[in-house]
Amino acid sequence: MNTLQVGDKVPDFSAKDQDGNTIKLSDFKGKKLIVFFYPKESTPGCTAEACNLRDNYEELQAQGYELLGVSADSEKRQSNFKNKNNFPFPLLADEDHTVINTFGVWGLKKFMGREYDGIHRKTFVVDGNAIVTKVIDKVKTKDHAAQLLGD
């Protein structure tokens, strides 16, 4: 797993969101962007994380941030997840792992004694020039916005 680090330039990417719209990194040029990766929609941890960001969305926006959620779920699943929880930010349906591989968040995981490949829950803050300014490796799902706003 070759994860992007603080100071790295994020290569431009494009992926479909929950509504089939193409979202590109270049759409956020000049803006601060939070890209959060989660393993699977509608699971307890992922729901808690995304809902915490939703509940603090106005504060994040007030500090100049845009948000993108990313998982390997289908457009339909992402759409259901977004609509069910009223998320005000797009969710990328990265089924082909384009964005996941760009950020380097796919790799070996361990859960209950089992090893498997999957998405690592990580969050990246990217500045308006596509440079990574912060990486959160240990996401607190119920208090994630505080991790982002705490600086």
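Okay, let's start with F37: its relative accessibility is 0%, so we call F37 buried. Keep in mind that this is a predicted model.

Now, what does F37 pair with? It forms an aromatic pair with F124, and the geometry is edge-to-face, with 5.9 Å centre to centre and 90 degrees between the planes.

With F103 it makes a tilted pair, 4.8 Å centre to centre and 55 degrees between the planes. F103 sits in helix 4, residues 98-103, and F124 in strand 8, so this pair ties together parts that are 21 residues apart in sequence. And F103? Buried again, because its relative accessible area is 0%.

Stepping back to the rings in general: a search of the whole structure turns up 10 aromatic pairs. There is also one aromatic cluster, made of F36, Y38, Y57, F81, F87 and F89. And for those of you who like charges on rings, the charged end of K32 sits over the ring of Y65, 4.4 Å from the ring's centre.

Next up, I119. You'll find I119 in strand 7, residues 114-119. Is I119 buried or exposed? Buried, because its relative accessibility is 3% and the cut-off for buried is under 20%. As for K142, which is 23 residues away from I119 along the chain, the two C-alpha atoms are separated by 19 Å.

S42 isn't a glycine, yet it has a positive phi of about 65 degrees. S42 lies in the loop between strand 3 (32-37) and helix 1 (44-55), and at 37% relative accessibility it counts as partly exposed. N86 is the other one I wanted to show: phi is positive there too, near 55 degrees, again in a residue other than glycine. Look for N86 in the loop between helix 3 (75-85) and strand 5 (91-93). N86 has 61% relative accessibility, so we count it as exposed.

That's my tour, thanks everyone.

Note on methods:
Residues numbered from 1 in each chain as written. Predicted model: local features only at pLDDT ≥ 70, side-chain atom pairs only at ≥ 80, totals over all residues. Heavy atoms only, no water. Helix = DSSP H or I, 4+ residues; strand = E, 2+ residues; numbered from the N terminus. Buried < 20%, exposed > 50% of the residue type's maximum accessible area, 1.4 Å probe, protein only. Phe/Tyr/Trp six-rings, centres within 6.5 Å; stacked < 30°, edge-to-face > 60°. Lys NZ or Arg CZ within 6 Å of the ring centre and 35° of its normal.
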